[in-house]
Structure formats: C-alpha cells, structure tokens
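Welcome! Take a moment to look over the sequence and the 3D structure, and then we will walk through some of the places worth a visit.

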Amino acid sequence: MKQTTIISESPKTTSINEYFNRIEKFISSASPSFILAGTFILLVGGASLFYFLQPYFEAVHLERMATGWGMALIILGISLLAIKISFLIYILTLYLRYRSIKSVSDAELPLCTVIVPAYNEGQLVYKTLISLAESDYPEHKLQLISIDDGSQDNTWEWMKKAKDELGDRVAIYQQPKNMGKRHALHRGFKIGTGDIFITVDSDSIVLKDTLRIMASPFVVNKECGAVAGNVRVLNRDKALIPRMLNVNFAFSFEFIRSAQSRLGSVLCTPGALSAYRREAVFNCLNDWINQTFMGEVSKIGEDRAMTNMILKQGYKVLFQRKAYVYTNIPEKYKNLYKMFIRWERSNVRENIAMSRFAFGNFREGAKSGTRILLMNQWLKMIMAYPAILLMIFFVSTHPLLFLSSTLVGIMIFSSMHAFFYAKKHSMSESFWAYPYSVFYAFTLFWITPYAIATAGKSGWLTRDLTKGQLKKQQQLVAAS
C-alpha cells in the first residue's frame with residue numbers, strides 16, 4: 001500500500017497568510033473615494049482622541065517619569081525626534097540649493113549605450129524599446145541593447161517584434177538561462193561601445209528628452225560618475241497601491257535625491273533609469289559581478305552596489321530631476337511587500353559596504369554630508385527592532401495612547417509629502433500621501449526588521465509567473 005504524506009501549514013503560517021489575504025481583499029475591493037474619506041475620518045478621529053484624552057496621557061507621562069526606564073524612554077524619544085527634525089531641515093536646505101543640469105547640444109552629447117535587461121516582461125519590453133528609439137538623442141550616437149534573461153514567457157517574441165520594427169537601431173540577445181539582472185547588465189556593459197551607459201528597466205517608458213538629460217551631466221562635470229533619473233509611477237491610474245505610491249515616489253526622488261545630489265552623493269541610482277560613466281563602470285565591473293554577502297553570490301541590489309562602488313572611486317553621483325521615466329510598480333499587496341523586502345535587504349548589505357569607505361578619505365573635498373546621509377540610513381536600521389518592541393509594549397499597555405499618537409504623527413509627517421506634491425504636481429492627487437502613510441504604518445511596518453533578519457537571502461521574489469499569466473501573454477503576442 002502506498003503511503004501518502006500530507007504536509008499542512010502550521011497555525012502560525014496560516015494566520016500570517018490570512019492576515020495578508022485580508023489586506024489584499026480589502027485593497028482590491030475598496031473604492032478610492034472610500035479610502036480617502038475613511039483615511040481622513042480616521043486621522044481626524046485620532047487627533048480628536050489625542051486632544052480629549054490629554055489628562056489621561058499626562059497621567060501616563062507622569063507615571064513614566066517616576067521610573068528610571070520611563071525617564072530614559074522619554075529622553076530617547078525626544079532625542080530621536082530632534083535628530084529627525086534636524087535631518088529634515090538639513091535636507092530641506094540642500095533641496096532648496098539644488099539645480100538640475102540642462103541638456104547640452106547634439107554636438108556635445110557623448111556616445112551612449114542604453115541597456116534594457118528583461119525577464120518575464122512580455123509586451124512591456126516592446127513598449128520600453130519603442131519609447132527609447134523615439135528619443136531625441138542623435139541616432140548615430142545611440143546604441144540600444146536589450147537582453148532577455150531566460151524568460152519563461154513571450155518576452156523574447158516581443159523583443160523580436162521591436163527588432164523587426166527598429167532594425168539595426170536595436171540589438172537583442174538571449175541569456176542561455178535565467179542568470180539574474182546583474183548578469184544581463186554585465187553582458188550589456190561588455191557589449192556596449194558608448195562612453196556613457198544608461199540602464200532602463202524593461203517595464204518603463206522614458207520621455208522624449210530623457211536620455212539627453214541623463215547624459216548631459218557627464219559632459220559638464222568631469223567628476224560625475226553616475227546619474228539617477230526621476231522615477232514616476234506608470235500604472236498609477238490602474239490600482240490603489242500605485243496611486244498611493246506615486247506621491248511617495250515624487251517625494252523620494254524629487255525631494256530626497258535632489259538634496260543628496262547637492263552633496264554629489266545620491267545613495268542609489270534606480271534600476272528604472274540610471275546612467276554611468278564607462279570608465280567608472282569598468283573600474284569596478286569585476287568586483288560588482290563577483291560581489292558576495294555572507295558567502296553567497298549577490299543577486300539583488302545591483303543598482304545600489306554599483307552606486308556604492310562608483311562613490312568609492314571618488315566620483316560624484318547626481319540626480320536629474322527633469323529626466324523622467326515612468327515605470328510599473330506592483331498592484332497587489334503581496335508583490336509590493338516582496339519588492340520592499342528586496343530593497344531593504346539591499347539597503348542592509350550596501351550600508352555595510354558603504355561604511356567601509358565613507359568614513360575614510362574616499363573623495364577630495366567635503367565628505368561630512370555623505371556621512372550624515374549614511375548615518376541616517378543606519379539610524380533607521382538600528383531602531384527597527386526597538387521600535388517594534390515599543391509598539392508591542394504600548395499596544396498591550398496603552399492602546400489608545402499608541403493609536404492616537406501614531407495617527408497624529410502620520411498626519412504631521414504626511415502633510416510634508418502632500419504639500420510637496422501639491423506644489424510640484426497636483427493638489428487633488430497630493431491627498432494620497434495620507435492613505436499611503438496609514439497603509440505603511442499598519443501593514444508594512446514589519447518590512448525593515450524582517451529584511452534585516454533575512455539579509456542573506458537573494459531571491460528576486462516578484463518576477464515569477466503563474467500559468468494563467470503565461471497563457472495570457474502568449475495570447476497577446478499571437479494577437480499582435
């Protein structure tokens with residue numbers, strides 16, 4: 001008789017999956033107007049609760065002050081708040097001094113190789129290549145390369161379709177098997193003949209003048225080793241998560257990276273759109289492709305790793321605010337948290353790598369600003385577990401205090417994001433800063449602690465396809 005083994009999920013795993021499924025179900029079923037209205041009712045309620053319960057909060061405050069650990073906790077909280085506010089003022093000062101570099105003339109533009117690695121992107125890679133070919137970069141100075149990293153779907157068919165339409169303007173290659181984005185880029189770097197490399201994700205669309213704006217800093221600033229583009233959300237009108245993240249992306253790039261650029265120390269050139277000086281790339285290419293972490297080959301964080309290695313050489317890394325790229329981001333909660341886990345694991349690894357050179361004489365001129373940026377990164381990492389423990393403590397002992405103070409904090413800090421987006425882009429869309437902050441605070445707070453604990457893992461997490469997705473993509477290419 002054949003023995004059958006039944007593997008069942010543990011109660012703990014089941015409860016976690018149920019938690020994720022409920023979040024996913026709520027996000028997919030809720031209307032945008034309901035989310036906005038509900039968010040503001042929640043925030044106003046939290047602020048009202050905070051106001052009316054002041055006597056209770058004062059009593060808790062006095063009770064804590066009477067104990068040694070309570071006083072230490074208060075001092076720590078005030079100190080961290082002062083550091084956070086001081087850092088924001090510092091970033092604001094840098095942001096106000098930021099100026100993007102204007103495009104140089106056609107004659108001054110360098111030879112440029114654009115590399116598009118693709119894995120399981122289907123039709124999106126075709127749209128990406130067409131948008132690049134339609135750029136106003138001089139055709140004789142532009143080399144387009146796209147590399148299929150062993151896709152399981154019809155990505156190669158869409159790449160061939162782009163090749164049929166663009167002819168010699170694009171060269172397409174296939175990896176013998178799925179080797180990872182880093183290896184696909186490495187092959188592109190080896191093949192490319194340009195003085196400047198521009199890497200673009202295969203689910204992204206660039207504007208007509210994006211490439212020339214990305215290449216121009218290398219012409220006017222010989223110290224420039226890399227440039228970060230301005231990433232915006234392409235699918236922001238298709239689902240709730242992209243709509244919320246669109247405001248966050250604008251703040252992260254146009255405010256934070258503008259400030260970092262003023263220091264010549266943008267910490268990460270994004271995979272969606274980055275540019276690199278050829279010499280800087282080849283100076284570190286072997287170290288980059290062979291990079292390891294905890295004895296394992298690094299398969300994630302190739303963009304932050306390249307940025308670090310270029311900074312280490314003494315080059316400056318800049319940001320071009322007007323070099324827009326529109327990219328797709330996850331529309332489902334499960335895919336979103338997987339993307340964030342990958343990013344945070346990369347941050348853990350590269351903060352360690354950056355610490356090995358940032359406090360030395362890695363560059364001529366001022367270096368204190370770069371070190372301040374790194375220390376702010378470390379503060380977030382160091383406080384991840386204490387913050388979780390404090391959250392658990394206050395939820396269990398003073399739930400009203402935790403809820404009301406959290407919501408008031410969200411209201412204050414989200415207002416900065418909303419004000420920035422309203423001033424730069426759209427007043428109506430700026431209000432999505434508030435739902436996103438609530439969403440992050442209550443459903444994504446665990447990302448950083450989890451990423452720290454699992455930093456040695458290298459799974460990409462977000463590119464595998466279901467059978468249904470494969471069938472749908474095959475039907476699309478057949479119809480075309």
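In which loop does Asn 120 lie? Asn 120 sits in the loop between strand 1 and helix 5 (123–133). Please keep in mind as you read that this is a predicted model.

**Two residues with positive phi**

Asn 120 has a positive phi of about 55° although it is not a glycine. Met 294 also deserves a visit, with a positive phi of about 55° although it is not a glycine either. You will find Met 294 in the loop between strand 8 (292–293) and strand 9 (296–297).

Is each of them buried or exposed? Asn 120 counts as buried, because its relative accessibility is 5% and buried means under 20%. Met 294 is exposed, because its relative accessible area is 66% and exposed means over 50%.

**Helix 5**

Next, let us look at strand 4, which covers residues 196–200. How many of its five residues are buried? The count is five of five, and the strand is described as mostly covered. Both faces are covered: one side carries Ile 196, Ile 198 and Val 200, and the other carries Phe 197 and Thr 199, all of them buried.

Strand 4 pairs with strand 1 (residues 112–118), and the two run parallel, joined by four bridges. Within this pairing, Ile 198 in strand 4 is the bridge partner of Val 114. Strand 4 also pairs with strand 7 (residues 273–277), where five bridges join strands that run antiparallel. Here Thr 199 has Ser 274 in strand 7 as its bridge partner.

**An enclosed space**

Rolling a probe the size of a water molecule over the atoms shows where empty space is left. In this model the count comes to one cavity of 30 Å³ or more. The largest cavity has a volume of about 70 Å³. Which residues line the largest cavity? They are Lys 181, Leu 185, Phe 189, Thr 199, Gly 271, Tyr 276, Trp 288, Glu 302, Asp 303 and Met 306. The elements that give two or more residues to this lining are helix 7 (181–191) and helix 11 (302–312). By type, the lining of the largest cavity divides into five nonpolar, two polar and three charged residues. You have already met Thr 199, one of the lining residues, as a buried residue of strand 4.

**Met 309 in helix 11**

Helix 11 is also the place of Met 309. Met 309 is buried, because its relative accessible area is 17% and the cut-off for buried is under 20%. Leaving out residues up to four places away in sequence, Met 309 touches Cys 284, Asp 287, Trp 288 and Gln 291. Among these, Trp 288 is one of the residues that line the largest cavity. Met 309 and Gly 229 are 80 residues apart in sequence, and their C-alpha atoms are 18 Å apart in space.

Arg 212 lies in helix 8 (residues 210–220). At 11% relative accessibility, Arg 212 counts as buried. Its contacts, leaving aside neighbours within four places in sequence, are Ser 103, Val 104, Ser 105, Asp 106, Leu 109, Asp 136, Tyr 137 and Pro 138.

Tyr 421 lies in helix 15 (residues 399–424) and is buried, with a relative accessible area of 4%. Not counting residues up to four places away in sequence, Tyr 421 touches Arg 232, Asn 246, Val 247, Ala 250, Ser 426, Glu 429 and Ser 430. Tyr 421 and Asn 246 are 175 residues apart in sequence and 9.6 Å apart in space, C-alpha to C-alpha.

| Residue | Partner | Distance |
|---|---|---|
| Arg 212 side chain | Asp 106 side chain | 2.7 Å |
| Tyr 421 side chain | Asn 246 side chain | 2.8 Å |

Notes: Residues numbered from 1 in each chain as written. Heavy atoms only, no water. Buried < 20%, exposed > 50% of the residue type's maximum accessible area, 1.4 Å probe, protein only. Pairing = 2+ DSSP bridges. 1 Å grid on protein atoms, 1.4 Å probe; cavity = no way out; pocket = protein on both sides within 12 Å on 5 of 7 lines; lining within 4 Å. Points joined across faces, edges and corners; volume = space filled by probe spheres on them. Nonpolar A, V, L, I, M, F, W, Y, C, P; charged D, E, K, R; others polar. Contact = heavy atoms within 4.5 Å. Polar contact = N/O pair within 3.5 Å; in protein donor to acceptor, adjacent residues only side chain to side chain.
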